[in-house]
Amino acid sequence: MKTGVLSYNKLVKKTRCLVRQHKVPLHWSRTRNEKFDVHTICVLYVLFQIEQKDYRTFQGWLEIAPALGLKNVPHWTTLQKAFARLPPRLLRKLMQLAGQCDDRIAALDPTYYQLSNPSAGYCKRIGRNPAQEKMRKVSVICTTNQKKVLDVVMTAEERHGMFQIKKMDASIFRHRTILADKEFDAESFHQLVEDAGGKAIVPVRWEGMPVWKTKGYHRKQMRRKGLPKTYRKRAIIESNNSAVKRRFSPVLRGRSFQQQKRDGYGKYLAYNLARDCTLYRQNFLQSRQHRKLFILASSIHLKHDGGII
């Protein structure tokens, strides 16, 4: 089993390269005297998502982070106002660039994020039902091998997954097999993926229905052939959504929808960058070959000392 340690120096360098690759300008305004450029603000926002701290605590944390090479640490109000100027579409594009990989299998699944986080005791005392709280629906697609998030779509109102899938970048479907659940069991979804150069595998609803009653060419083929073994990998998207929520909180910050979009896209941007910048180390005894060498060396040591094996 491998254990990972996040390299902050590598994370900062990766984020700066990503921002330069997207050709983000150094300053939003040509006349205003900005103390910190936009590239540095993007790096700070990724670190802000990684650490999941409030603004005041994050300002104190920056004082012991020499990886940025800043001469002076920005005030927490400067951070709050600078992050508010980051457009959500920029963070989404950076997240797409950070998620680029050569995996040929991807999984698609919607998930929900909370807009508030009241304690169970408070809800019980005031008679508030947490199950009735408003949530934000997000459609996520990620690869099954490297577990990189390819794209994320968030809408203001809760809509069907087929509505959100039309807002995704069609290039992520090219030369890929897309695994989805029954929410995307529609001929239009199969056609959308096929037009983009990919293939969709979706289980067909109404299992007892005969083939001649099934509408759509692709849905009929799925009913005749059944689900291949590759479809087992669709469960990876469930664990991926759980990992993002456990690492970066299941609550979206902000009151307005634009603020919540910024925070949501920022979570997945930080997730993709963290996967690239994590240094994996394997313990000596976790390798099968190393365990054999350890047992052999122990037996030789016992023989040399006159012990009993």
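Two strands count as paired if DSSP finds at least two bridges between them, and this definition is needed for the exercises below, which concern a predicted model.

**Exercise 1.** Work out in what order the strands of the open sheet are arranged, and which strands stand at its edges.

*Solution.* Begin with the pairing, which is mixed, and follow it across the five strands to read the order 4-3-2-5-6. Next, look at the two ends of that order: strand 4 and strand 6 (199-201) each have a single partner strand, so one side of each is left without a neighbour in the sheet. Finally, passing from one strand to the next, the twist averages 25°.

**Exercise 2.** Describe how strand 2 is joined to strand 5, and find which helix packs on the sheet there.

*Solution.* Strand 2 (residues 105-114) and strand 5 (residues 177-179) run parallel and are joined by three bridges. Within this pair, Ala-106 stands opposite Ile-178 in strand 5. The helix is helix 8 (residues 187-195), which touches strand 2, strand 5 and strand 6, and whose direction makes about 145° with that of strand 6.

How values were computed. Residues numbered from 1 in each chain as written. Predicted model: local features only at pLDDT ≥ 70, side-chain atom pairs only at ≥ 80, totals over all residues. Heavy atoms only, no water. Helix = DSSP H or I, 4+ residues; strand = E, 2+ residues; numbered from the N terminus. Axes fitted to C-alpha atoms, helices over the stretch in contact; angles between N-to-C directions. Contact = heavy atoms within 4.5 Å.
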